[in-house]
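Colleague: Could you walk me through this model, slowly please?

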Amino acid sequence: MGDLIFYYIVYNAICLIIYGIDKFLAIRKSKRRISERWLFILALFGGPFGCIIGMFLFRHKTRKVKFYLWNFTMLLIWCYIIASYIF
């Protein structure tokens, strides 16, 4: 159980950092940005907390409804996975 929690915390921290990097690149109007597809994949593989915190902390992708729907759906799914793993 400790391995899953460690993975979850580290991976969400990485997702948070990636959202910050993408916001930084957006401000600089860089052509090399992180694609929306990769941001969705981050949440899919266990990073919805980091993605949601990154959205609000960096005010990034907050106007796009699909990010809210996807990240909160992934949050519910991952909460279920962790709860079923613990119990």
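Modeller: What follows is a short talk through the chain, from its overall build to single residues.

Colleague: What should I know before I start?

Modeller: This is a predicted model, in which local features need pLDDT of at least 70 and side-chain atom pairs count only at pLDDT 80 or more, while totals for chains, interfaces and linings use all residues. Residues are numbered from 1 along each chain as its sequence is written, and side-chain values use heavy atoms, with hydrogens and water left out.

Colleague: OK, how many helices and strands does the chain have?

Modeller: The chain has four helices and zero strands, where helices (H or I, at least four residues) and strands (E, at least two) are DSSP runs numbered from the N terminus.

Colleague: Why does 13 Å agree with a compact globule?

Modeller: With 87 residues, a compact globule would have a radius of gyration near 12 Å, so the 13 Å of the chain agrees with that; the radius is taken over C-alpha atoms, and the rule is 2.2 Å times the number of residues to the power 0.38.

Colleague: And what share of the residues is buried?

Modeller: Buried residues make up 34% of the 87, with buried meaning under 20% relative accessible area, exposed over 50%, and partly exposed in between (1.4 Å probe, protein chains only).

Colleague: Switching topic, how do helix 3 and helix 4 cross?

Modeller: The axes of helix 3 (residues 48-57) and helix 4 (residues 65-86) come within 8 Å and cross at roughly 145 degrees, where axes are lines fitted to C-alpha atoms, for helices over the stretch in contact, and angles run from 0 to 180 degrees between N-to-C directions. The residues in contact (heavy atoms within 4.5 Å) include P48 and F49 of helix 3 and M74 and W78 of helix 4.

Colleague: Let's take M74 then: buried or exposed?

Modeller: M74 is buried, with a relative accessible area of 6%, and, not counting residues up to four places away in sequence, M74 touches A43, L44 and P48. M74 and G46 are 28 residues apart in sequence and 7.8 Å apart in space, C-alpha to C-alpha.

Colleague: Which loop holds R59, and what is its phi?

Modeller: R59 is found in the loop between helix 3 and helix 4, and its phi is near 50 degrees, a positive value in a residue other than glycine. At 67% relative accessibility, R59 counts as exposed.

Colleague: What about K61, buried or exposed?

Modeller: K61 has its place in the loop between helix 3 and helix 4 and counts as buried at 14% relative accessibility, while its phi is near 65 degrees, a positive value in a residue other than glycine.
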